[in-house]
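We will go stop by stop.

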Amino acid sequence: MNESKRNFPPLSKFVYGTTRLGHADVAMGDRMRIARAAIDSGVWFHTSRQYDDALETLGKAFYEDRSKAPPLIVKLGNNSIDEIRNTIKENIEPLGVDHIDVGQLCLGGDFAKSFATGGKAQDELRRLKEDGLVRSFFYEVFPWTSEAPYEALASGHGHELIDAFIFYLNPLQRFADNRLWDLIRERNFPVVGMRAVCGAPVHKLRDVPGAAWTPYLQERAVEVAPIFEASGIESWVEFCMRFSFSFPNVKATVGSCSRVENLEEYLRIGKQDTIEPLPSEIVESIEALQRRWSDEVDVKAEPWTM
């Protein structure tokens with residue numbers, strides 16, 4: 001398709017992920033402090049009803065000054081238009097807003113198949129935009145859900161509705177399978193990366209018991225740590241963000257944090273007009289690892305085990 005005709009939403013390069021705003025181990029005062037700081041920075045937010053009571057925290061922060069409420073990417077799922085409409089309601093009511101700027105489509109089952117083939121699902125999603133409930137759609141991808149997005153992109157179905165694919169993208173994770181990733185790169189289709197730093201610095205994931213919530217992340221950290229060390233870049237945040245923006249079709253990266261100083265580190269990179277790509281040899285080394293991981297691990301994983 002002609003990318004020059006795409007009306008892509010004006011995302012900030014860094015999007016604040018609100019996962020930590022719903023965690024019980026973060027005091028409400030600390031949640032409000034980081035929420036206010038992120039709002040004041042002017043970045044977009046990413047949120048979901050799945051993030052415990054993050055929506056309620058955000059609702060309190062938005063109530064303080066409605067004029068400063070940020071644009072939102074909100075997860076919407078998944079097996080029918082009724083479920084998606086219910087999810088919209090579940091999200092906008094605690095936030096006190098009347099629409100969602102970007103709906104992150106988490107499609108499954110027959111609904112995903114219908115979308116991929118240009119079926120009824122597309123008409124139903126289009127109606128959400130006509131009703132003013134959702135302004136734009138990004139299509140969420142996991143290794144075990146890559147088939148339907150691939151079919152939609154390969155066939156051209158959904159180009160009118162979908163403005164980007166959104167999936168985990170960092171040096172340890174690339175959650176579009178190899179076939180879909182290659183097609184996305186070939187078509188120069190927009191991507192928004194999630195889980196910007198994979199949850200923790202690479203040395204912590206490698207060395208600290210329990211830091212990697214699943215064994216494959218610790219194993220990957222062992223392979224990536226020497227590449228990071230050889231880069232001469234001191235900050236894992238900088239390394240990860242520069243990795244993501246080494247791909248010209250990546251428009252934004254989503255990262256979560258509960259401390260203002262960590263937010264400031266994201267913003268130091270994300271507020272730059274142009275984010276410097278990593279050297280090509282570093283990107284190629286990580287890409288080679290990710291291609292192997294995708295074939296050997298990712299596509300064989302049981303859903304939600306990664």
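Does S294 count as buried or exposed? With 1% relative accessibility, S294 counts as buried. Buried means under 20% relative accessible area, exposed means over 50%, and partly exposed lies in between (1.4 Å probe, protein chains only).

Before moving on, note that this is a predicted model: local features need pLDDT of at least 70, side-chain atom pairs count only at pLDDT 80 or more, and totals for chains, interfaces and linings use all residues. Residues are numbered from 1 along each chain as its sequence is written, and side-chain values use heavy atoms, with hydrogens and water left out.

**Stop 1: S294.** Select helix 12 (residues 280-296); S294 is in it. Helices (H or I, at least four residues) and strands (E, at least two) are DSSP runs, numbered from the N terminus. Now show what S294 touches. Leaving aside neighbours within four places in sequence, its contacts are R174, A176, D177, N178 and V299. Contact means heavy atoms within 4.5 Å.

**Stop 2: F142 and F175.** Select both rings. They form a tilted aromatic pair, 6.1 Å centre to centre, with 55° between the planes. Rings of Phe, Tyr and Trp (its six-membered ring) pair if their centres lie within 6.5 Å; planes under 30 degrees apart count as stacked, over 60 as edge-to-face and the rest as tilted. This pair links distant parts of the chain, 33 residues apart. F142 is in the loop between strand 5 (134-140) and helix 6 (147-155). F175 is in the loop between strand 7 (173-174) and helix 7 (178-187). Both F142 and F175 are buried.

Stop 3: W304 is exposed, at 61% relative accessible area. Its phi is positive, near 70°, and it is a residue other than glycine.

**Stop 4: R179 and Y150.** Which ring does the charged end of R179 sit over? That of Y150, 3.7 Å from the ring centre. A charge sits over a ring if NZ of Lys or CZ of Arg is within 6 Å of the ring centre and within 35 degrees of the ring normal.

**Stop 5: two backbone details.** Select R195, in the loop between strand 8 (191-194) and helix 8 (202-207). R195 has a positive phi of about 55°, although it is not a glycine. R195 is partly exposed, at 29% relative accessibility. Finish at G77 and N78: the peptide bond from G77 to N78 is cis, with omega near -15°. N78 belongs to strand 3 (residues 72-78).
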